[in-house]
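Subject: Structure handed over, with findings

Dear colleague,

Please find below the structure that I am handing over to you. My notes on what was found in it follow directly after.

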Amino acid sequence: MPTSEDPLSFEHVPCPFCGLLCDDLRVRVADGTVELLDGGCPRSQSGFTVAGDGAPRIAGDAASLDEAVRRAGELLGTARRPVVGGLGTDVAGMRAVLALSDGIGAALDHVHGDSLHANLRVLQDRGWITTTLGEVRNRADLVVVLGSDLFDAFPRLIERVIAPSSAMQAEALQARRLVVLGGPADWSAPATDVPVHYQPAAMEDLAELLSALRCLINERPLQADTPAGPTLDALRPLAEQMSQASYGVLIWSTPSLAGTHKDLTVQCATGLIEDLNRERRFAGLPLALGDGDMSAYQVCTWQTGYPLRVDLAGGFPRYDPYHLSTARSLADGADALLWISAFNPTHGPPDTQVPTVVLGRPDLQFPHQPEVFIPVGIPGLDHGGTAFRGDAVVSLPLRALRSTSLPSVAAVAQAISERITSTEAPC
Amino acid sequence: MLTRLTGGALYDPARQINGEVHDLYIRDGQITAAPEPGTLVDREYDLRGKVVMAGAIDMHTHIGGGKVNIARTMLPEDHAADPVPRTGLSRSGCGHAAPSTLTTGYRYAQMGYTACFEPAVLPSNARHAHLELGDTPMVDKGGYAMLGSDELLLHLMATGTDQAAINDYVAWTLHASQCLGIKVVNPGGISAFKFNQRELDVDEASASHGVTPRDIIRTLTRAVYELGVPHPLHVHASNLGVPGNFTTTLKTMEAAEGLPVHLTHIQFHSYGTEGDRKFSSAAAEIAEAVRRMPNVTVDVGQIMFGQTVTASGDTMHQYANRRFAHPHKWMCMDIECDAGCGVVPFRYRDKNFVNALQWAIGLELFLDIDDPWRVFLTTDHPNGAPFTSYPHLIRLLMDRSFRNEMLTRIHPDAAAHSRLSSLDREYDLYEIAIMTRAGPARVLGLDDRGHLGEGATADITVYNPDDNRERMFETPAYVFKDGELVVRDGQLVKVVYGRTHTVHPDYDPSITRRVQRYFEKFQTVRMENFMIGSDEFSDDGRGGLVVHTGRGRSEA
């Protein structure tokens, strides 16, 4: 771990602040401050910039780490219906949080739980055909993106995946077209070597638009002349392009899909993709946003069998993707909340009267002071770790770029577990 | 600390011990020679009247990695029927077809298994697989890295790269993925499916690279052999599940050209096309080929009736089999120009002709292949059945009357089409010990496992003899892991973590520059981050890494 005050340079640095998990950053670190020399983007810039003093607090007053852990242990260890939310952490953090949750019988959900489950419901109900970033980069001759705001969520998607400098299937890259479906009329596509076609549409109309495309592709009659806005004739060229693509890809990220039934839009997309595979190849790419969502999902699934929204209160895992969202759990009689956000300073705990323990970045924003706040290190900046990428397959080693005294989520969760166990032990 | 296991009947085929009574001594986690007379024994277990074997080894079981976690995600209804409560000792989880990692470890140990190997580790997903194996307690573990549909190997082959450079790439892959062997799944077929090929037979060139599955098998068996990797190339052959595929399987065996090769879940590759339904058993032909080719080992991939889930790298055939999904949901994924995966839940029915015949074909293979050193007991968990069905399978192999009774329950036409009722063979305990211990240890190059000799790791399973072999193998009296008692009467008494086994053959590191260029030019991760460091196994306190080489081994 670097301790010198001289600037230190690092290469191949993974950035954990969005679902792309780019790992080609070159950074210089001096006095604990990270300067992005190469591979930076707005999200990495803000993610690697940390303010705050790192002192634990109890009810707003400075406290030692020991005192904060003890108070957290009291709150969580005596709760009848504890809830663990946020889950912005790495694999080691999630492992420790699950061990703690198993011990106290907590219900778990991620801050992106709604989005995750919009996708998971489709996977659990009918399945899908999907692909990964590396395949899109090297193989796609058609990329369809749902929602213009997807490019804000993944700032380097175009540079690294859609319009890269090289691809194994050079002809596919040569022929590649980008189609953006959905977004405001005044959005202008970013400049890129890949030709872009933009079809503005309200995000809540995408399910209809995708269904219309599905009808066109399958040469089925359609009652409407102007599904979701555009005329059928305006959609025909896209349907044609999709049918003719050798390897087409449809990318979505569920937060940008408006409406309460995001899973229906996803299902329209996956059904369309399924049909396109009868003759040619076409794949979906549901991109998870980041903030530890894929790491939390993966670890929770392999340790409990269920992909989050799981309640351990009965002594064994019980899954309910509807009733076990953090919001529902808090409204349904939760009496303690453990909130975790080590990546994103804007993902503070929900505004709730339920006594709350927060493990978060030192600069985490709060609606009001929680009962306990324990500042933690940021994986990939303050300590090493492992994180999953938004396409669910790749996981990468995160690195410590500077030395701080901030403990990891894993260390704090384990300390709280030990505190609770030692309190419960008979004297 | 010296432990004596007194008076048990040993079944230790590696040392040709067949039921003879010997005392065993354990010190520091290893089996040790009998001490000088008068040496103080700290702990003694009276094993008189009991059966003693080395801990069992599952050499092909899908227990960790991306496709297993997708299977878990897709099966909440299956988990809900088998909840696993936490205890003072163990964590909560779920069981049945795609159990949680913790439950997987507990249940393997409760059945007397002390080592498990995940056979389909995509290098691009290897870190994930190891994380899951790291959360699988009780057993030693390892994985086989998948090659053969990765674009780099296909490119190297298509451009006529010499065998030496390919060997270096194979060795680099083993280091980078920290695996114990190399697996090929539908050679070239996962890549071909991305190029929209829906079929690929052994001598068919892929449209994209002009490389045949035969080329790939020949090249990779040779690479593995020349690198001195103990485990032969592990082959999931072309045309899985396709009626008539036994000819493909025979050609696949021949493609190894006499070099060691392991054909996995051979049951799914032993189908003929005879009869009205154009589906028949070719177990006899396959067994005959195994007899004829001493370089070939197989595991069976037995199916059992009931709900399970199939999870495979073979996207081409998982996609083709999607219409059989039960419940009706399925997924396929193309992965990182590396490989792919497909998950199709499946319910094998005894009254379905094809399923019933699959069941019979698996048993025919077990009984027809006369060398238990070259056939291993697997259900290709969970693809043929969950691993928890092993005790039942053992009873089917050891008890002819039980087997014939089961045969009366399956689809009558399938029973009539099978030679099973005429096969009188019954496995004995010695043969079971070969196919579940000594054989897998030998084929994996695990010199200190699978036997009870001096210097062996003290992974030991003790059974109460019982004519009902299912009951006997379901509930061991004692299981020792690294010399510690971890299971008594089928119940956990201690939770431990086993180690991860990997092989690091020597190679010319100049291949690394080529691989690095490939990553920088085409991949979305850097090679430096793709490679899994040995330190990633030591940081979590979960048993660490055992590094094997072609010539010996060292502990890291």
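B:Pro382 is found in the loop of chain B between β20 (375-376) and α13 (390-398), where helices (H or I, at least four residues) and strands (E, at least two) are DSSP runs, numbered from the N terminus. The bond that joins B:His381 to B:Pro382 is a cis peptide bond, with omega about -5 degrees.

Before the remaining findings, a note on conventions. This is a predicted model, in which local features need pLDDT of at least 70 and side-chain atom pairs count only at pLDDT 80 or more, while totals for chains, interfaces and linings use all residues. Residues are numbered from 1 along each chain as its sequence is written, chains are lettered from A and ligands numbered from 1 in the order in which they are written, and side-chain values use heavy atoms, with hydrogens and water left out.

Backbone features

A further cis peptide bond runs from B:His326 to B:Pro327, with omega near -5 degrees. B:Pro327 belongs to the loop between α11 (315-320) and β18 of chain B. In chain A, A:Ala392 has a positive phi of about 75 degrees, although this residue is not a glycine; A:Ala392 sits in the loop between β19 and β20 of chain A.

The interface of chain A and chain B

Chain A contributes 64 residues and chain B 59 residues to the contact, contact meaning heavy atoms within 4.5 Å. About 5200 Å² is buried between the two chains, and carbon and sulfur atoms give 51% of that; buried area is the accessible area (1.4 Å probe) that two parts lose on being put together, summed over both. On the side of chain A, the residues that lose the most area to chain B are A:Arg95, A:Arg281 and A:Trp302, together 13% of what that side buries.

B:Glu151 forms a salt bridge with A:Arg139, and their closest N and O atoms are 3.3 Å apart. B:Glu151 lies in helix α5 (residues 151-158) of chain B and A:Arg139 in helix α5 of chain A, so the pair joins two chains. Another salt bridge brings together the side chains of B:Glu336 and A:Arg389, at 3.1 Å from N to O.

Between chain A and chain B, 52 residue pairs are in polar contact (both at pLDDT 80 or more). A polar contact is a pair of N or O atoms within 3.5 Å; within protein, one must be able to donate a hydrogen and the other to accept it, and residues adjacent in sequence count only if both atoms are side-chain atoms. Among the elements of chain A that each supply at least two residues of the side touching chain B are α3 (91-104), α4 (113-125), β8 (129-130) and α12 (293-304). The residues of that side divide into 26 nonpolar, 21 polar and 17 charged, where Ala, Val, Leu, Ile, Met, Phe, Trp, Tyr, Cys and Pro count as nonpolar, Asp, Glu, Lys and Arg as charged, and the others, Gly among them, as polar.

The chains are also joined through strands: β8(A) pairs in the parallel sense with strand β18 (residues 331-335) of chain B over two bridges. Two strands pair if DSSP finds at least two bridges between them. A:Ile129 has B:Cys332 in β18(B) as its bridge partner.

A sheet within chain A

Chain A holds an open sheet of nine strands with mixed pairing, in the order β5-β4-β18-β17-β16-β6-β7-β14-β15. β5 (61-62) and β15 (318-319) stand at the edges with a single partner strand each, so one side of each is left without a neighbour in the sheet. Strand β4 (residues 57-58) pairs with β5(A) in the antiparallel sense over two bridges, and A:Ile58 stands opposite A:Asp61.

Domains of chain A

Chain A is divided into domain 1 (9-46), domain 2 (55-112 + 291-421) and domain 3 (116-286); these bounds come from an automatic or database domain assignment. The centres of domain 1 and domain 2 of chain A, taken over C-alpha atoms, are separated by 24 Å. In this pair, 17 residues of domain 1 are in contact with 18 residues of domain 2. The area buried between them is about 1300 Å², of which carbon and sulfur atoms give 63%. A:Pro16, A:Phe17 and A:Leu21 of domain 1 lose the most area to domain 2, together 37% of what that side buries.

With kind regards

How values were computed. Salt bridge = Lys/Arg side-chain N within 4 Å of Asp/Glu carboxyl O.
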